[in-house]
Amino acid sequence: MSAAKIDFNDRLLSLGLARVAEQAALASASLVGRGDEKAADQAAVNAMREQLNLLDISGVVVIGEGERDEAPMLFIGEEVGTGSGPGVDIALDPLEGTTLTAKDMPNALTVIAMGPRGSMLHAPDVYMDKLAVGPGFPEGVVNLDMSPRERVEALAKAKGCAPADITVCILERPRHEAMIAEVRETGASIRLITDGDVAGVMHCAESEETGIDMYMGQGGAPEGVLAAAALKCMGGQIFGRLLFRNDDERGRAAKAGITDLDRVYDRDEMVTADVIFAATGVTGGSLLPRIKREPGWVETTTLLMRSKTGSVRRMSYRTPMWSHDNE
């Protein structure tokens, strides 16, 4: 039976996906705070790829470390798994927040999502204008055509509060200075993050825990698809529009099969079928605690989610430090 005809059994695959995220986090743990972004990222990449190749899937990386000529492992289009299972799309970031890891700053995660073949947008490595809110709001309560002020005011009205009670997460970048100023003019507060906008979007889905109501700003398009996969499981809305700075980037879109360069994608257009999603905390933060290291032991916490059932599991994994490479 061909891989395309084997059912995507998300329940059976979910624990394996959690293990993939765990092992990537464990591999990078010894490099937290060491100042070496490349080494931390490479350790996570190696571990994630090794674990993926143990899974009974016929997987294709659709969101990965870059084009084939830019990334020796987990490149876009790379086939992973034993080849004996269902055909699946894989979106991943082996270490979302390499700088955060190197500097031991909050919210570095290992992130991976898996869905049936053809279920995820093949986003080129360009910028995406993103806007996200958590669950419980009317569809389209905010949109990308609104100004930052209008978004804050619309969300506050839907939430039944004042704009001053809204908190927006934005990447701290020079390109966002005007947006930041306009949001602050409404009275809303802003949580600036230096990196890690997948985690930034995920914060919206658990606003009672994180204090963040909305995410907006420009970041990587691949991360937008990963964030959409997370919200597919957690609930919430995300909108994304690809941004192109030159002909090379437009060429990347054409290579990925994208013809409408101005299209606004919503969550269910970026991720069209049910998926599973796993993220393991590396440095800790509002979503997940950091990896705990103590003499002879190491412990991780993983968020494992299935959009089909809406199930969300937080899984602790404690292992002797000498044995985790073989788990």
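What follows is a short walk through this predicted model, one selection at a time.

Stop 1: Start by colouring the strands of the open sheet, whose order is 7-6-8-5-9-10 with mixed pairing. Ignoring direction, neighbouring strands here are turned against each other by 20 degrees on average.

Now zoom in on strand 6 (residues 167-171) and strand 8 (residues 214-220): they pair in the parallel sense, over two bridges. Pick valine 168 and look across to strand 8, where methionine 214 is its bridge partner.

**Stop 2: helices on the sheet.** Select residues 177-185 to get helix 5, which lies across strand 6, strand 7 and strand 8. Relative to strand 7, helix 5 runs at about 150 degrees. Next, bring up helix 8, which also packs on the sheet and touches strand 5 (127-133), strand 8 and strand 9 (237-243). The direction of helix 8 makes about 25 degrees with that of strand 5.

**Stop 3: a helix pair.** The crossing is right-handed. Which residues make the contact? From helix 6, show Asp197, Val198, Val201, Met202 and Ala205; from helix 8, show Glu223, Leu226, Ala227, Ala230, Leu231 and Met234. Colour them by class and you get nine nonpolar, no polar and two charged residues.

**Stop 4: glutamate 206.** Step into the loop between helix 6 and helix 7 (207-210), where glutamate 206 sits. Is it buried or exposed? Its relative accessibility is 18%, so glutamate 206 counts as buried. Leave out neighbours within four places in sequence, and glutamate 206 is in contact with Gly211, Met234, Leu287 and Arg314. You've already met Met234, in the contact between helix 6 and helix 8.

**Stop 5: strand 1.** Finally, jump to residues 58-63, which form strand 1. Six of its six residues are buried, so strand 1 is largely enclosed by the rest of the structure. Strand 1 pairs with strand 3 (residues 87-96) in the parallel sense over five bridges, and glycine 59 stands opposite valine 88 there. With strand 2 (residues 79-80), strand 1 runs antiparallel and is joined by two bridges; select valine 60 to find its partner, glutamate 79.

Definitions and conventions: Residues are numbered from 1 along each chain as its sequence is written. This is a predicted model: local features need pLDDT of at least 70, side-chain atom pairs count only at pLDDT 80 or more; totals for chains, interfaces and linings use all residues. Side-chain values use heavy atoms; hydrogens and water are left out. A crossing is left-handed if the near helix is turned anticlockwise from the far one by less than a right angle, and right-handed if clockwise. Helices (H or I, at least four residues) and strands (E, at least two) are DSSP runs, numbered from the N terminus. Contact means heavy atoms within 4.5 Å. Ala, Val, Leu, Ile, Met, Phe, Trp, Tyr, Cys and Pro count as nonpolar, Asp, Glu, Lys and Arg as charged, and the others, Gly among them, as polar. Two strands pair if DSSP finds at least two bridges between them. Axes are lines fitted to C-alpha atoms, for helices over the stretch in contact, and angles run from 0 to 180 degrees between N-to-C directions. Buried means under 20% relative accessible area, exposed over 50%, partly exposed in between (1.4 Å probe, protein chains only).
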